[in-house]
Amino acid sequence: SKPTDGRSQLFSQIGSMGLDITKSLKHVTDDQKLYKQKNREVRTVNDDEIRKKKLARKGIKQWAPPKGTRSVRCQDDKRWFVEYVGDGDSLDREQILIEEDVKMHHAIFINRCNNCYINIVGKVNSIQIVECLNVQVQFSETVGPIEITNSERMEVLVTKRCPQVMSSKVKELTLHLAGSIETDIVTSCTSNMNVTYQIVDAEGDKDSVEVAIPEQFMHKVIKRNKIGTTLVSHGE
(Lines give C-alpha, C1' and ligand atoms only; values in the text may rest on other atoms or scores of the structure.)
Protein backbone atom coordinates (compact mmCIF):
# COMPACT_ATOMS: atom_id res chain seq x y z
CA SER A 1 0.00 0.00 0.00
CA LYS A 2 1.14 3.57 -0.76
CA PRO A 3 1.94 5.89 2.17
CA THR A 4 -0.50 8.68 2.96
CA ASP A 5 0.25 12.32 2.09
CA GLY A 6 1.16 13.08 5.71
CA ARG A 7 3.70 10.28 5.83
CA SER A 8 5.12 11.33 2.46
CA GLN A 9 5.69 14.85 3.72
CA LEU A 10 7.32 13.51 6.88
CA PHE A 11 9.76 11.29 4.98
CA SER A 12 10.50 14.09 2.57
CA GLN A 13 11.27 16.48 5.43
CA ILE A 14 13.55 13.94 7.11
CA GLY A 15 15.41 13.31 3.87
CA SER A 16 15.93 17.01 3.20
CA MET A 17 17.51 17.65 6.61
CA GLY A 18 20.35 15.21 6.01
CA LEU A 19 23.04 15.19 8.72
CA ASP A 20 21.43 18.17 10.46
CA ILE A 21 18.49 16.07 11.59
CA THR A 22 19.87 15.72 15.12
CA LYS A 23 19.73 19.50 15.63
CA SER A 24 15.94 19.33 15.82
CA LEU A 25 15.98 16.78 18.65
CA LYS A 26 15.05 18.08 22.10
CA HIS A 27 17.70 18.01 24.82
CA VAL A 28 16.92 15.75 27.78
CA THR A 29 17.96 17.36 31.07
CA ASP A 30 19.45 15.40 33.97
CA ASP A 31 16.29 15.69 36.05
CA GLN A 32 14.41 13.88 33.25
CA LYS A 33 16.87 10.96 33.15
CA LEU A 34 15.65 8.09 35.29
CA TYR A 35 19.07 6.66 36.15
CA LYS A 36 20.23 10.03 37.54
CA GLN A 37 17.31 10.52 39.89
CA LYS A 38 18.52 10.13 43.47
CA ASN A 39 15.14 9.27 44.94
CA ARG A 40 14.15 6.70 42.33
CA GLU A 41 12.95 3.33 43.58
CA VAL A 42 15.21 0.40 42.75
CA ARG A 43 13.52 -2.98 42.83
CA THR A 44 15.53 -6.20 42.91
CA VAL A 45 14.20 -9.52 41.70
CA ASN A 46 14.23 -12.24 44.34
CA ASP A 47 13.76 -15.79 43.05
CA ASP A 48 12.54 -17.04 46.42
CA GLU A 49 9.82 -14.39 46.60
CA ILE A 50 8.66 -15.22 43.07
CA ARG A 51 8.57 -18.91 43.95
CA LYS A 52 6.53 -18.26 47.11
CA LYS A 53 4.00 -16.13 45.22
CA LYS A 54 3.54 -18.81 42.56
CA LEU A 55 3.00 -21.50 45.18
CA ALA A 56 0.58 -19.25 47.08
CA ARG A 57 -1.51 -18.71 43.94
CA LYS A 58 -1.70 -22.48 43.47
CA GLY A 59 -2.58 -23.01 47.11
CA ILE A 60 0.63 -24.96 47.76
CA LYS A 61 2.56 -24.42 50.96
CA GLN A 62 6.32 -24.40 50.46
CA TRP A 63 8.20 -26.96 52.48
CA ALA A 64 10.68 -25.61 55.02
CA PRO A 65 12.88 -27.30 57.62
CA PRO A 66 11.61 -27.24 61.21
CA LYS A 67 12.97 -24.39 63.30
CA GLY A 68 15.13 -24.96 66.35
CA THR A 69 18.11 -23.67 68.31
CA ARG A 70 20.93 -22.44 66.07
CA SER A 71 24.17 -24.34 66.69
CA VAL A 72 27.64 -24.51 65.12
CA ARG A 73 29.98 -26.62 67.25
CA CYS A 74 32.57 -29.40 67.28
CA GLN A 75 31.79 -32.24 69.66
CA ASP A 76 34.43 -34.53 71.23
CA ASP A 77 36.94 -33.59 68.53
CA LYS A 78 35.11 -35.97 66.19
CA ARG A 79 32.05 -34.38 64.69
CA TRP A 80 30.93 -30.91 63.65
CA PHE A 81 27.27 -29.99 64.03
CA VAL A 82 25.75 -27.18 61.94
CA GLU A 83 22.07 -27.04 62.83
CA TYR A 84 19.15 -24.65 62.28
CA VAL A 85 21.33 -22.04 60.59
CA GLY A 86 19.75 -19.43 58.32
CA ASP A 87 16.39 -17.73 57.96
CA GLY A 88 14.14 -18.63 55.05
CA ASP A 89 12.28 -15.32 55.36
CA SER A 90 15.44 -13.21 55.03
CA LEU A 91 16.71 -11.85 51.71
CA ASP A 92 20.31 -12.16 52.93
CA ARG A 93 21.94 -15.59 52.94
CA GLU A 94 23.72 -16.28 56.23
CA GLN A 95 27.36 -17.32 55.81
CA ILE A 96 29.14 -19.89 57.99
CA LEU A 97 32.89 -20.52 57.82
CA ILE A 98 34.23 -23.71 59.39
CA GLU A 99 37.98 -23.24 59.35
CA GLU A 100 39.58 -23.41 62.79
CA ASP A 101 40.58 -26.81 64.19
CA VAL A 102 39.19 -28.71 61.18
CA LYS A 103 40.86 -32.12 61.00
CA MET A 104 40.86 -34.99 58.52
CA HIS A 105 39.06 -37.37 60.90
CA HIS A 106 36.20 -34.93 61.52
CA ALA A 107 32.70 -35.67 60.20
CA ILE A 108 30.44 -32.73 59.31
CA PHE A 109 26.72 -33.00 60.07
CA ILE A 110 24.52 -30.26 58.54
CA ASN A 111 20.94 -30.49 59.74
CA ARG A 112 17.76 -28.46 59.08
CA CYS A 113 19.45 -25.34 57.72
CA ASN A 114 17.58 -22.85 55.57
CA ASN A 115 18.89 -20.18 53.20
CA CYS A 116 22.59 -20.16 54.13
CA TYR A 117 26.10 -20.65 52.74
CA ILE A 118 28.49 -23.03 54.53
CA ASN A 119 32.20 -23.06 53.66
CA ILE A 120 34.33 -25.89 55.06
CA VAL A 121 38.06 -25.18 54.81
CA GLY A 122 40.35 -28.20 54.99
CA LYS A 123 40.10 -31.92 54.36
CA VAL A 124 37.46 -33.76 56.40
CA ASN A 125 36.32 -37.35 56.71
CA SER A 126 32.72 -37.05 55.48
CA ILE A 127 29.76 -34.67 55.17
CA GLN A 128 26.11 -35.42 55.83
CA ILE A 129 23.30 -33.00 54.92
CA VAL A 130 19.77 -33.70 56.18
CA GLU A 131 16.51 -31.75 55.77
CA CYS A 132 17.97 -28.54 54.37
CA LEU A 133 16.47 -25.95 52.03
CA ASN A 134 18.22 -23.48 49.73
CA VAL A 135 21.68 -24.17 51.16
CA GLN A 136 25.05 -23.81 49.44
CA VAL A 137 27.87 -26.00 50.76
CA GLN A 138 31.48 -25.54 49.67
CA PHE A 139 34.38 -27.75 50.72
CA SER A 140 37.79 -28.72 49.43
CA GLU A 141 38.20 -32.45 50.00
CA THR A 142 36.74 -35.44 51.82
CA VAL A 143 38.09 -38.88 52.63
CA GLY A 144 34.65 -40.49 52.43
CA PRO A 145 31.35 -39.56 50.82
CA ILE A 146 29.02 -36.59 51.09
CA GLU A 147 25.39 -37.59 51.66
CA ILE A 148 22.40 -35.33 50.97
CA THR A 149 18.99 -36.51 52.19
CA ASN A 150 15.45 -35.08 52.28
CA SER A 151 16.48 -31.64 51.01
CA GLU A 152 15.48 -29.10 48.37
CA ARG A 153 17.26 -26.54 46.17
CA MET A 154 20.77 -27.52 47.19
CA GLU A 155 24.12 -26.52 45.71
CA VAL A 156 27.40 -28.31 46.48
CA LEU A 157 30.83 -27.11 45.34
CA VAL A 158 33.85 -29.43 45.54
CA THR A 159 37.06 -27.46 44.98
CA LYS A 160 39.44 -30.46 45.06
CA ARG A 161 38.14 -34.02 45.39
CA CYS A 162 35.28 -36.07 46.77
CA PRO A 163 35.21 -39.84 46.07
CA GLN A 164 31.44 -40.23 46.26
CA VAL A 165 28.28 -38.10 46.31
CA MET A 166 25.07 -39.77 47.50
CA SER A 167 21.69 -38.09 47.04
CA SER A 168 18.39 -39.46 48.34
CA LYS A 169 14.99 -37.74 48.19
CA VAL A 170 16.38 -34.43 46.98
CA LYS A 171 14.64 -31.87 44.75
CA GLU A 172 16.88 -29.55 42.70
CA LEU A 173 20.54 -30.30 43.32
CA THR A 174 23.52 -28.78 41.53
CA LEU A 175 26.93 -30.40 42.02
CA HIS A 176 30.00 -28.40 40.96
CA LEU A 177 33.20 -30.42 40.51
CA ALA A 178 35.82 -27.67 40.32
CA GLY A 179 38.74 -30.05 40.89
CA SER A 180 38.84 -33.78 40.21
CA ILE A 181 35.96 -35.33 38.28
CA GLU A 182 36.70 -38.82 39.62
CA THR A 183 33.53 -38.88 41.70
CA ASP A 184 30.94 -41.63 41.95
CA ILE A 185 27.41 -40.19 41.97
CA VAL A 186 24.66 -42.32 43.51
CA THR A 187 21.08 -41.03 43.39
CA SER A 188 17.76 -42.26 44.72
CA CYS A 189 14.46 -40.39 44.34
CA THR A 190 16.38 -37.30 43.22
CA SER A 191 14.97 -34.83 40.67
CA ASN A 192 16.44 -31.90 38.75
CA MET A 193 20.06 -32.74 39.48
CA ASN A 194 22.84 -31.23 37.38
CA VAL A 195 26.61 -31.69 37.48
CA THR A 196 29.06 -29.05 36.27
CA TYR A 197 32.75 -29.59 35.60
CA GLN A 198 35.53 -28.38 33.35
CA ILE A 199 37.14 -30.08 30.37
CA VAL A 200 40.25 -29.13 28.40
CA ASP A 201 39.83 -28.87 24.64
CA ALA A 202 42.41 -29.61 21.95
CA GLU A 203 43.85 -26.10 22.22
CA GLY A 204 44.35 -26.36 25.96
CA ASP A 205 41.48 -24.05 26.91
CA LYS A 206 39.08 -24.95 29.71
CA ASP A 207 35.38 -25.19 28.96
CA SER A 208 32.60 -25.56 31.50
CA VAL A 209 30.18 -28.43 30.96
CA GLU A 210 26.80 -28.96 32.61
CA VAL A 211 25.15 -32.37 32.45
CA ALA A 212 21.77 -33.44 33.82
CA ILE A 213 21.57 -36.65 35.84
CA PRO A 214 19.00 -39.03 34.28
CA GLU A 215 15.70 -39.52 36.08
CA GLN A 216 13.81 -41.88 33.78
CA PHE A 217 14.49 -45.60 33.35
CA MET A 218 12.76 -48.46 31.61
CA HIS A 219 12.45 -51.85 33.30
CA LYS A 220 11.70 -55.19 31.67
CA VAL A 221 11.28 -58.69 33.00
CA ILE A 222 13.94 -60.68 31.15
CA LYS A 223 13.85 -63.81 33.29
CA ARG A 224 11.58 -65.24 35.92
CA ASN A 225 13.67 -63.69 38.74
CA LYS A 226 15.53 -60.94 36.92
CA ILE A 227 14.71 -57.36 35.82
CA GLY A 228 16.61 -55.53 33.12
CA THR A 229 16.93 -51.75 33.38
CA THR A 230 17.92 -49.28 30.68
CA LEU A 231 18.15 -45.51 30.57
CA VAL A 232 15.35 -43.66 28.78
CA SER A 233 16.98 -41.26 26.32
CA HIS A 234 15.10 -38.44 24.61
CA GLY A 235 17.97 -37.52 22.33
CA GLU A 236 20.59 -34.82 22.62
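How many disulfides does the structure hold? The structure holds zero disulfides, a disulfide being a pair of cysteine sulfur atoms within 2.5 Å.

First, some ground rules. What you see is a predicted model, in which local features need pLDDT of at least 70 and side-chain atom pairs count only at pLDDT 80 or more, while totals for chains, interfaces and linings use all residues. Residues are numbered from 1 along each chain as its sequence is written, and side-chain values use heavy atoms, with hydrogens and water left out.

Now the chain as a whole. There are two helices and 13 strands in it; helices (H or I, at least four residues) and strands (E, at least two) are DSSP runs, numbered from the N terminus. Of the 236 residues, 26% count as buried. Buried means under 20% relative accessible area, exposed means over 50%, and partly exposed is in between, with a 1.4 Å probe and protein chains only. The chain exposes about 16,700 Å², and carbon and sulfur atoms supply 49% of that area. Accessible areas come from the Shrake-Rupley method with a 1.4 Å probe, and for residues only the protein chains shown count as cover. As for contacts, meaning heavy atoms within 4.5 Å, take those between residues at least 6 apart in sequence: 20% of them join residues at least 24 apart.

Back to the cysteines. A disulfide is a covalent bond between the sulfur atoms of two cysteines. Cys113 is buried, at 0% relative accessibility. Cys74, by contrast, is partly exposed, with a relative accessible area of 33%.

Most residues other than glycine have a negative phi, and most peptide bonds are trans. Cys189 is not a glycine, yet has a positive phi of about 50°. Its place is in strand E10, and at a relative accessible area of 63% Cys189 is exposed. Asp76 is another non-glycine with a positive phi, here about 55°. Asp76 sits in the loop between E1 and E2 and is exposed, with a relative accessible area of 63%.

Staying with strand E10, which covers residues 184-200, we find Thr190 there. Is Thr190 buried or exposed? Thr190 is buried, with a relative accessible area of 13%. Its side chain is joined to that of Ser167 by a polar contact of 2.8 Å. A polar contact is a pair of N or O atoms within 3.5 Å; within protein, one must be able to donate a hydrogen and the other to accept it, and residues adjacent in sequence count only if both atoms are side-chain atoms. Leaving aside neighbours within four places in sequence, Thr190 is in contact with Ser167, Ser168, Lys169, Val170 and Glu215.

Next, rings. The structure holds one aromatic pair. Phe81 and Phe109 form this pair, edge-to-face, at 5.8 Å centre to centre and with 75° between the planes. The rule is that rings of Phe, Tyr and Trp (its six-membered ring) pair if their centres lie within 6.5 Å; planes under 30 degrees apart count as stacked, over 60 as edge-to-face and the rest as tilted. The pair links distant parts of the chain, with Phe81 in strand E2 (residues 79-83) and Phe109 in strand E4 (residues 107-111), 28 residues apart. Phe81 counts as buried at 12% relative accessibility, and Phe109 is buried at 13%.

Last, charges. Side chains of opposite charge can pair when their charged atoms come close. How many salt bridges does a search of the whole structure find? The search finds five, a salt bridge being a side-chain nitrogen of Lys or Arg within 4 Å of a carboxyl oxygen of Asp or Glu. One of them joins Glu94 and Arg70, at 2.7 Å from N to O. Glu94 lies in strand E3 (residues 94-98) and Arg70 in the loop between helix H2 (47-57) and strand E1 (71-75), so this bridge ties together parts that are 24 residues apart in sequence. Glu94 is partly exposed at 27%, and Arg70 is partly exposed at 44%.

Another salt bridge is between Asp77 and Lys103, at 3.4 Å from N to O. Asp77 is in the loop between E1 and E2 and Lys103 in the loop between E3 and E4, 26 residues apart. That is the tour.
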